[in-house]
Amino acid sequence: MIQNVAASQEQQLRDKVFDAVKEYYQYKFSPRPFVPGQSYVPVSGKVFDEQELVKLVDSSLDFWLTTGRYALEFEERFAEWIGIKHCLLVNSGSSANLLALSALTSPKLGDKRLVPGDEVITVAAGFPTTVNPIFQNQLVPVFIDVELPGYDIDIKQLELALSKRTKAIMIAHTLGNPFNLEQVMDFVQKHDLWLIEDNCDAVGSTYQGKKTGTFGHISTVSFYPAHHMTMGEGGAVLTSDTRLKKILESYRDWGRDCWCPPGVDNTCNKRYGWQLGELPFGYDHKYTYSHVGYNLKMTDMQAAVGVAQLDKLPEFIQKRRENFAFIHQHLQDLQDFLLLPQASPNSDPSWFGFPLYVKESAPFSRNDLVKYLEDKRIGTRLLFAGNLLRQPLYEGLNYRVIGDLANADKIMQNVFWLGVFPGLTQEMLSYIVSTIAEFCRK
């Protein structure tokens, strides 16, 4: 009885806090009018309402600062939504990529484990943290080119990249456009390779009616504010392989052999009954380590924001598609100057951005157009690192290259992208396309 009264009093106090939070949201974050040429049009950003703030504060009132109830709820719901068995939250999409590849070096995989010197096929035009885990695990990336105007892996180069040391493929769906999963999966199965599917830009994209992030042995997601949904920072690793799930969990949680969540003991019912390595029999399983791991967990306050965002995810995805279609339609008349993006066959992308290739025959450069747009308060971004091998961080490192990477170089010189995120209004989109048309027709 006393406990019930205390719980009721606590809930009443929480409700008062939540009411104040909702009022604060209306005061602090109410929309401001858009003024073309004065208001900035961001290329990406977080879209939220009072529910994210309420859940964030709800979590903070627990003062459970590590992974907790909201993280568990998100993992279960996101795994079900995307159509995969296991979802593990981590502190960033980059950490998710590191975790995914590190897991494939686990001794628990026997002859299938990746060992130093093994090769991983990837692409040269992309984001560094899709590639960096290959170097970080003392493996050898094999760089191949991409195709235009889809910006995804050049399938024709896969067989050329194959060697006796090839063990895995690790590539991303560039800007949300699915790569040719049918041919990549055929190649993976033919040569008994691992596939890590970097799905950070493509949450909600489908290939042959199936969501991306469900094809690879492991896939990764980012929840950085620029992405399809946000937790501020954060990411996730997904797999339907329960053996891989346990390995991923170990690498995420200090490398320990124990799989108990924070604050829980003896899930295995034999905490003091293990004999592992050269440890004495019965050594506490919570302090037994089987991998060279990390601590990459997410806080429950971040996960609370994610739970609220998850309710909006289908709407976010639909809005991205609509915004992409609007820009594409209104730039049709400018194709003498601009190469417009094209979705991969058999796919329905949930676009991360709208890439534009300024043709070599245009009377202006990519930088000319980008500078004009930025001067007009329209945000732009380059296609990540361009040709990664032109970046200073890879000088002197061990890798192989297939062909001349001509398209990656073209992307570095000629491509940028515009935002399509759900926070863009019709006024903003109209301003974007009219400003591009104005520049091109001058």
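**Aromatic contacts in the predicted model**

K112 lies over the face of W194, 4.7 Å from the ring centre; a charge counts as sitting over a ring if NZ of Lys or CZ of Arg is within 6 Å of the ring centre and within 35 degrees of the ring normal. The charged end of K210 is likewise placed over the ring of F215, at 4.7 Å from its centre. The model is predicted, so local features need pLDDT of at least 70 and side-chain atom pairs count only at pLDDT 80 or more, while totals for chains, interfaces and linings use all residues. Residues are numbered from 1 along each chain as its sequence is written, and side-chain values use heavy atoms, with hydrogens and water left out.

Turning to ring pairs, rings of Phe, Tyr and Trp (its six-membered ring) pair if their centres lie within 6.5 Å, with planes under 30 degrees apart counted as stacked, over 60 as edge-to-face and the rest as tilted. The count by this rule is 21 aromatic pairs. In one of them, the centres of F324 and F354 are 4.6 Å apart and the planes stand at 40°, so this pair is tilted. F324 belongs to helix α9 (residues 300–330) and F354 to strand β12 (residues 353–358), so the pair links distant parts of the chain, 30 residues apart; helices (H or I, at least four residues) and strands (E, at least two) are DSSP runs, numbered from the N terminus. F354 is buried, with 0% relative accessibility (buried means under 20% relative accessible area, exposed over 50%, partly exposed in between; 1.4 Å probe, protein chains only). F324 is buried too, at 8%.

The rings of F337 and F364 also form a tilted pair, because their centres are 5.8 Å apart and their planes at 40°.
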